[in-house]
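Subject: Structure handover

Hello,

Here is the structure we discussed, with my notes below it. Please read them alongside the coordinates.

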Amino acid sequence: MTLYEKVVEYVDTSFKGKKTHFERAVYWIEQLLPSATEAHKIAAYAHDIERAIKGEKERDYLNPDILERHSEEGAEIMAEFLQKNGADIETINKVRHLISKHEVGGDMEQNALMDADSISYFETNAQHFVEERAKTEGYKKVKDKLDWMFNRVSSEEHRKFARENYEKWSKELEKIMN
Ligand SMILES: [Fe+2]
Ligand SMILES: [Fe+2]
């Protein structure tokens with residue numbers, strides 16, 4: 001089993017089978033960052049691990065303190081997992097670096113993971129926010145989440161991969177709430 005396969009197994013077990021958001025994040029980081037290595041794929045697949053381990057329901061999902069804790073704790077959870085599984089120090093440091101800023105970005109590679117997360121979100125998660133969570137959490141909260149996930153994308157070039165789905169789900173949200 002490769003290190004990446006071990007990570008996939010760990011993440012899948014932790015999240016009880018929710019895979020598509022993570023698979024698409026891996027797909028997109030490889031598109032956005034042609035130099036992506038196994039460490040980038042690991043970071044993309046495991047970027048939200050904190051949510052599975054801590055079981056936090058992500059209710060206050062735009063709170064900067066919660067996002068920072070979510071990112072930093074996820075980075076530490078994966079560093080520990082990788083260490084236990086014999087990863088080399090460069091891989092551990094790279095994964096920690098990438099996950100620790102996946103919500104807000106930072107350098108070019110951290111931005112690539114953040115952008116991959118956003119593009120994947122619009123493909124795989126936005127529907128659930130619009131069709132389910134808007135009912136209980138309200139229009140504004142979901143609207144703010146869609147806008148935030150789209151606007152944080154670090155370049156116009158990357159934003160074009162998210163735009164169609166962003167517009168589609170924003171329109172659906174309007175329809176449902178009116
Ligand atoms: Fe996240
Ligand atoms: Fe994510």
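How many helices and strands are there in the protein? The protein has 10 helices and zero strands, where helices (H or I, at least four residues) and strands (E, at least two) are DSSP runs numbered from the N terminus.

Two remarks on conventions. This is a predicted model, in which local features need pLDDT of at least 70 and side-chain atom pairs count only at pLDDT 80 or more, while totals for chains, interfaces and linings use all residues. Residues are numbered from 1 along each chain as its sequence is written, and chains are lettered from A and ligands numbered from 1 in the order in which they are written.

Overall shape

Along the sequence the pattern reads α-α-α-α-α-α-α-α-α-α. The C-alpha trace spans about 55 × 35 × 30 Å along its principal axes. The radius of gyration is 16 Å, which agrees with the value near 16 Å for a compact globule of 178 residues; it is taken over C-alpha atoms, and the globule rule is 2.2 Å times the number of residues to the power 0.38.

Of the 178 residues, 39% are buried. A residue is buried if 20 or more other C-beta atoms lie within 10 Å of its own, exposed if 12 or fewer, and partly exposed in between, with C-beta atoms placed from the backbone. Among contacts (C-beta atoms, placed from the backbone, within 7 Å) between residues at least 6 apart in sequence, 69% join residues at least 24 apart.

Helix packing

Axes here are lines fitted to C-alpha atoms, for helices over the stretch in contact, and angles run from 0 to 180 degrees between N-to-C directions. Angles under 35 degrees count as roughly parallel, over 145 as roughly antiparallel, 65 to 115 as roughly perpendicular and the rest as oblique. A crossing is left-handed if the near helix is turned anticlockwise from the far one by less than a right angle, and right-handed if clockwise. For residue classes, Ala, Val, Leu, Ile, Met, Phe, Trp, Tyr, Cys and Pro count as nonpolar, Asp, Glu, Lys and Arg as charged, and the others, Gly among them, as polar.

- Helix 2 (residues 20-32) and helix 7 (residues 108-124) pack at about 135° with axes 8 Å apart, and are therefore oblique. Their crossing is right-handed. By class, this contact has nine nonpolar, four polar and four charged residues.
- Helix 3 (residues 38-46) and helix 6 (residues 89-100) pack at about 40° with axes 9 Å apart, and are therefore oblique. Helix 3 passes helix 6 in a right-handed crossing. This contact has seven nonpolar, two polar and two charged residues.
- Helix 5 and helix 6 have axes that come within 8 Å and cross at roughly 160°, which makes them roughly antiparallel. The crossing is right-handed, and the contact has seven nonpolar, five polar and two charged residues.

Helix 6 takes part in contacts with helix 3 and with helix 5.

Two single residues

Glu76 lies in helix 5 (residues 64-84). Glu76 counts as partly exposed because it has 14 C-beta neighbours inside 10 Å. Glu76 and Met108 are 32 residues apart in sequence and 21 Å apart in space, C-alpha to C-alpha.

Ser170 is in helix 10 (residues 156-177). With 18 C-beta neighbours inside 10 Å, Ser170 also counts as partly exposed. Ser170 and Asp147 are 23 residues apart in sequence and 8.5 Å apart in space, C-alpha to C-alpha.

Regards

Terms used. Contact = placed C-beta atoms within 7 Å.
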